[in-house]
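Thanks for coming. I will go through one structure today, starting with a contact between the chains and ending with the parts to treat with caution.

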Amino acid sequence: MGGLEAGPVDLTEAAYAPWQKRVKALALLLIRGDKAQMNVDELRRGIEDLAPEDYERLGYYERWTRSIADILTEKGLFTAEELTVKMAEVEKRWQEQGPK
Amino acid sequence: MSHEDSHKDHAKEHQHSHGHPHPQQPDSEDEPYSHEQVMATALEELLSDKGLIAAGDMSSALDYWASKTPADGARLVARCWTDPAFAQRVGENVNAAAAELDMDIGTTPVVAITNTPDLHNVLVCTLCSCYPIGLLGESPGWYKSRAYRSRVVSEPRVVLAEFGTQISDETEVRVHDSTADLRYIVIPMRPEGTEELSEGELAEIVTRDCMIGTALAKGLEE
């Protein structure tokens, strides 16, 4: 990315949303916690492995989320099916009760 | 490469992009949520079910992030300005010097680069967003943005001017690209007219952006 052309820098100081902070906290636990499961280079590889259209479309912490899911699936901590089932549970709950 | 930056990305995080609508939940959340937000919560719960994160881990990690602010970096800089021997130790080993001030900035090496009248330093991470979190807290959105990461290495003076920071043509501008294994902090120049200020007062004029290099330290009266 360094050296590529781009527009002006947007200096808006945006506060991070609660869910973004939780992704960051989760990454800290997974990378530096007592039960660390991955390292920061793997996090970055997961981001760089995203399909270019996904990379463009997704926000910063959305990319982190996808990377963590892909890397941990790759390591066999859970299966893609388990994640799909859990996501359906979360989504159903949110539709009924709203996001926590 | 898109010209969008991460703030626009953040706005996009609230759009529907995966083909089906979500109900609005105005009582708890003004924005709809994305597929990846659902995934993030599902990850937390799945890892918890499997015993890979324990109860309380998430709140400790959230507390850790919340406890890191640029005030620690500012305290370190103010000590450098008032104590040349400390400044020298910072030049040798920032992590050890920070520990003298009871700051735990982790084990990833941080290198201090000191501004002089002839040399202005500025930080970036072109690969991702590596940043001295232990000293400066969470990085600002623009530090993660494509615009900053792309351009600060090729036209740093133009980018600095967008921050309102004019660097004399006589002064060399050096851009430092951080990595996951090596972070930097800029030690700004102490402004003139601050000779009478206490260390605590000096710390108050050291802003986050001074320590990234996108701003200069200014005296209290400015």
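Which side chain meets that of B:Glu45 in a salt bridge? The partner is A:Arg93, with N to O at 2.6 Å. By salt bridge I mean a side-chain nitrogen of Lys or Arg within 4 Å of a carboxyl oxygen of Asp or Glu.

Before going on, some conventions. This is a predicted model, where local features need pLDDT of at least 70 and side-chain atom pairs count only at pLDDT 80 or more, while totals for chains, interfaces and linings use all residues. Residues are numbered from 1 along each chain as its sequence is written, chains are lettered from A and ligands numbered from 1 in the order in which they are written, and side-chain values use heavy atoms, with hydrogens and water left out.

Back to the pair. A:Arg93 and B:Glu45 form a salt bridge. The link crosses between chains, from helix 2 (residues 35-49) of chain B, which holds B:Glu45, to helix 5 of chain A, which holds A:Arg93. Helices (H or I, at least four residues) and strands (E, at least two) are DSSP runs, numbered from the N terminus. B:Glu45 is buried at 16% relative accessibility, and A:Arg93 is partly exposed at 26%. The cut-offs are under 20% relative accessible area for buried, over 50% for exposed, and partly exposed in between, with a 1.4 Å probe and protein chains only.

Two other cross-chain pairs. B:Asp49 and A:Lys86 meet in a salt bridge at 2.7 Å, N to O. B:Arg208 forms one with A:Glu13, where the closest N and O atoms are 2.5 Å apart. This pair joins two chains, because B:Arg208 lies in helix 12 (residues 208-212) of chain B and A:Glu13 in the segment before helix 1 of chain A. B:Arg208 is buried at 17% relative accessible area, whereas A:Glu13 is partly exposed at 47%.

Now the interface as a whole. Chain A and chain B bury about 6,400 Å² between them, with 61% of that on carbon and sulfur atoms. A:Met1, A:Val9 and A:Tyr60 supply 10% of the area that chain A buries against chain B, more than any other three residues. Buried area here is the accessible area (1.4 Å probe) that two parts lose on being put together, summed over both. The contact takes 62 residues from chain A and 70 residues from chain B, contact meaning heavy atoms within 4.5 Å.

There are also 18 residue pairs in polar contact between the chains, both residues at pLDDT 80 or more. A polar contact is a pair of N or O atoms within 3.5 Å; within protein, one must be able to donate a hydrogen and the other to accept it, and residues adjacent in sequence count only if both atoms are side-chain atoms. On the side of chain A that touches chain B, helix 1 of chain A gives the most, with twelve residues.

Helix 1 of chain A (residues 18-32) also contains A:Gln20. A:Gln20 is buried at 5% relative accessibility, and its side chain reaches the backbone nitrogen of A:Ala17 at 2.7 Å.

One pair within chain A. A:Glu74 and A:Arg45 meet in a salt bridge at 2.7 Å, N to O. The two are 29 residues apart, A:Glu74 in helix 4 of chain A and A:Arg45 in helix 2 of chain A. A:Glu74 is exposed at 55%, and A:Arg45 is partly exposed at 33%.

In chain B, B:Ala112 sits in strand 1 of chain B and is buried at 16%. Beyond its neighbours within four places in sequence, B:Ala112 contacts B:Val90, B:Val94, B:Ile185 and B:Ile187.

Last, confidence. Chain B averages a pLDDT of 86, and 85% of the residues score at least 70; pLDDT is the predictor's confidence in each residue, from 0 to 100. Where in chain B is confidence lowest? The answer is helix 1 (residues 6-12) of chain B, at a mean of 39, while strand 2 (residues 119-124) of chain B is highest at 98. Over residues 1-30 of chain B, pLDDT stays under 50. Where pLDDT is low, the predicted coordinates should not be read in detail.
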